[in-house]
Amino acid sequence: REAAYIESIRCSARAANARSCYDSVITFLEMHNLSGAYALGLAAGGFESLSQLLLADEAEVNKAIEGCQMDSVDEILLKEAMQTARGMHSTSPRMSQPSP
């Protein structure tokens, strides 16, 4: 009985931790007028936290976006939001490095 109780607490803690990770991505998406539902698709692409998403390279992000089946307008909004969060103020939807 005790082992089952401890395991149920561990499962609850893992679920709460996962929700808190997704919460940062959901909040980021919604702050930029994107559906929080994309967070699940991004998580399936390996991005369970906002820091993972913002530190990822362009190829990884593009692969996750394709997996989400994100429409082109939302893709542009996401990439611009990521550029802003990274401190890149380019008007291009590309995730290129800022010029020196």
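From the N terminus on, the elements of this chain run α-α-α-α-α. That makes 5 helices and 0 strands. Here helices (H or I, at least four residues) and strands (E, at least two) are DSSP runs, numbered from the N terminus.

Two notes on the source. This is a predicted model, so local features need pLDDT of at least 70 and side-chain atom pairs count only at pLDDT 80 or more, while totals for chains, interfaces and linings use all residues. Residues are numbered from 1 along each chain as its sequence is written, and side-chain values use heavy atoms, with hydrogens and water left out.

Now the whole chain. It has 100 residues, and 27% of them are buried. Buried means under 20% relative accessible area, exposed means over 50%, and partly exposed is in between, with a 1.4 Å probe and protein chains only. The chain exposes about 6,600 Å², and carbon and sulfur atoms supply 54% of that area. Accessible areas come from the Shrake-Rupley method with a 1.4 Å probe; for residues, only the protein chains shown count as cover.

Next, contacts, meaning heavy atoms within 4.5 Å.

Let's turn to helix α4. Which residues of α4 are buried? They are V61, A64, I65 and C68. Seen down the axis of α4, these buried residues fall within an arc of 105°, so they line one face of the helix. The arc is that of the directions from the helix axis to the C-beta atoms. An α-helix has 3.6 residues a turn, so residues three or four places apart point the same way.

What does the buried side of α4 pack against? Its buried residues pack against α2 (38-44), α3 (50-55) and α5. The face turned away from that buried side carries exposed residues: A59, K63, E66 and G67.

Now look at α4 and α5 as a pair. Helix α4 covers residues 58-68, and helix α5 covers residues 72-86. Their axes come within 12 Å and cross at roughly 145°. Axes are lines fitted to C-alpha atoms, for helices over the stretch in contact, and angles run from 0 to 180 degrees between N-to-C directions. The crossing of α4 past α5 is right-handed. A crossing is left-handed if the near helix is turned anticlockwise from the far one by less than a right angle, and right-handed if clockwise.

Who meets whom? From α4 come V61, N62 and I65, and from α5 come E75, L78, K79 and M82. By class, this contact has 4 nonpolar, 1 polar and 2 charged residues.

On to the loops. Q69 follows α4 and sits in the loop between α4 and α5.

N33 belongs to the loop between α1 (2-31) and α2. Phi of N33 is positive too, near 60°, and N33 is not glycine. Is N33 buried or exposed? Exposed, at 69% relative accessible area.

S35 is in the loop between α1 and α2 as well. S35 is partly exposed, with a relative accessible area of 37%. The C-alpha atoms of S35 and D74 are separated by 8.8 Å, and the two residues are 39 residues apart along the chain.

Last stop: V73, in helix α5. V73 counts as exposed at 54% relative accessibility. L34 is 39 residues away from V73 along the chain, with 9.8 Å between the C-alpha atoms.

Key: Ala, Val, Leu, Ile, Met, Phe, Trp, Tyr, Cys and Pro count as nonpolar, Asp, Glu, Lys and Arg as charged, and the others, Gly among them, as polar.
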